[in-house]
Amino acid sequence: MSAIKILSVDDEAPMESMIKQLFRRKIRNGEYEFFFARNGVEALGILSKTPDIEIILLDINMPEMDGLTMLAKVNEMHNPALRVIMVSAYCDLTNIRQAMNDGAFDFVMKPIDLGDLSSTIEKAIKQINYVHESQKEHSQLESLKKDLTMARDIQLFFLPQTFPPFPEDSDQLDIYASMEAAKDIGGDFYDFFHIDDDHIAFVIGDVCGKGIPAALFMAFSRTIIRSKGIQCGTAKACMTESNRLLAAYSADCMFVTVFYAIYNTKTGLVIYSNAGHNPPYVVRSDGTVEELPKSKDPMMGIFEIDYKEASLQLEPGDMLVMFTDGVTEAMNPDRMEFGTRQLMTILGGQAGKSSQQIIEVVKNAIKDFAEGAEQSDDITMLAIKRR
C-alpha cells in the first residue's frame, strides 16, 4: 500500500519540525509522506507537481494567499478524495466556520493537540479510502455496463435481423420476428432456417431467469436446436435430441420452454413440437383466432424424454403467431397483466395485415397498456404467414 501524501501549509517554521517529530514512525514505515509549504501560492505549486496529495493541513492566516482563498482554489480541482483540515487559533472561529461551510473536512486548533491532529488525519484517511473504494466500484460498474452492451450486441447477432429472411420464398411465406429484452441482455430467442428446398424450421424459446446466465443458456439452446434441426428430419426428433444435450449440460436447474416447427413451403403444412411453451395462435384469413392445444410435454433441460409432435394446416392468408410469456404477462402500474384475451382480441382485428404489421400493433398495444411501468420480462414474438 502506498503512503498517504499530506501537504502542510503553514507560515510558522516550527510546524514542519513538529509534524516530522510527531509522525516520525509513520514516515519511516512509509505510511505517511509529507510536503511542506509556507503559503498558498507555494502550496498550489506543490499540488500541481504532486496531484496525488490527498490531505492538506491548511493554516488560515498566511501571507501572499490566505487559507480561505487557497481552499477555494482547491475546490476548483474537483478531487473527491482530497480532504482539507483547517488549522487556526481558537479566536478565529468565524473563519473556521466559513471554511467548514466552504467544504473543509475538519479543523484543529492552535496550539495543536498532537493527539487530536493524529486522530483527525486518521479520520480523513478512512473517508479517503471510502471514496477510493466507491470510485473502484463505479469503474467496475461502468466496465460491466460496457460488457453488457457488448453482450447484447453479440446476442442480437445470434438472432436473425434481416427481413424478409428468405427472398426466394417471399412469394409463399411472410416471416417477421422481434425481441425486446427486459434487461441489457435477455433469455428469449427465436430462429428460422432452411432444412431443405421445401421445408423451413422455425423456433421460439424462453429460458428461465434473466441476465447473463439466461443469455448464455439461450445461446447454448439456440445453437443446439439449430444444429439438431438441420440433422434431424422431424420436429419431435429435433426436440428429443436437443433436450438430451441440454439436460446433460444444464447447470443450476436452468431450463427453457420451446416451440419448434417445420413448415412445408409448398403445402402450408406445419409439423410442430411444444416443450412447455405458450400455445401459439393461428389467425385465419377471415379474422378467426385459434389457440393451439396446450403442451403436455415439459420444458427442455430438466430430464430426458421423447417429445411428441402435432400438425397444423395453414391456408393462404393464415398466420401463426408465436410469443413468449413476456407478452401476456406485461403489467401496467396497477400490476394488471396484458393477458391472453386482450392479445386474441388484437390479433382478431388484424386479418390481412403482414407479419411485421401485426407484431408492431401488438408491441404498441403492450406499450400503451403498460403506461410507463418497468418491463419485467423479455417480450418476443415470431409470426409466419402463408401468402
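Guide: Strand S10 (residues 269-275) supplies three residues, the largest share of the lining of the second largest pocket; strands are DSSP runs of E of at least two residues, helices runs of H or I of at least four, numbered from the N terminus. This is a predicted model, where local features need pLDDT of at least 70, side-chain atom pairs count only at pLDDT 80 or more, and totals for chains, interfaces and linings use all residues. Residues are numbered from 1 along each chain as its sequence is written, and side-chain values use heavy atoms, without hydrogens and water.

Visitor: What is the lining of the second largest pocket made of, by residue class?
Guide: Three nonpolar, three polar and five charged residues, among them Tyr272, Lys294 and Asp297. Here Ala, Val, Leu, Ile, Met, Phe, Trp, Tyr, Cys and Pro count as nonpolar, Asp, Glu, Lys and Arg as charged, and the others, Gly among them, as polar.

Visitor: Which helix gives the most to the lining of the largest pocket?
Guide: Helix H11 (residues 355-370), with five residues. The largest pocket has a volume of about 350 Å³.

Visitor: How many disulfides are there?
Guide: A disulfide is a pair of cysteine sulfur atoms within 2.5 Å, and the count comes to zero. For Cys238, the nearest cysteine sulfur, that of Cys232, is 5.7 Å away.

Visitor: Is Cys238 buried or exposed?
Guide: Cys238 counts as buried because its relative accessibility is 0%; buried means under 20% relative accessible area, exposed over 50%, partly exposed in between (1.4 Å probe, protein chains only).

Key
On a 1 Å grid over the protein atoms alone, a cavity is a set of points where a 1.4 Å probe fits but cannot get out, and a pocket is an open set with protein on both sides within 12 Å along at least five of seven lines; lining residues have an atom within 4 Å of a point. Grid points are joined across faces, edges and corners, and a volume is the space filled by probe spheres set on the points.
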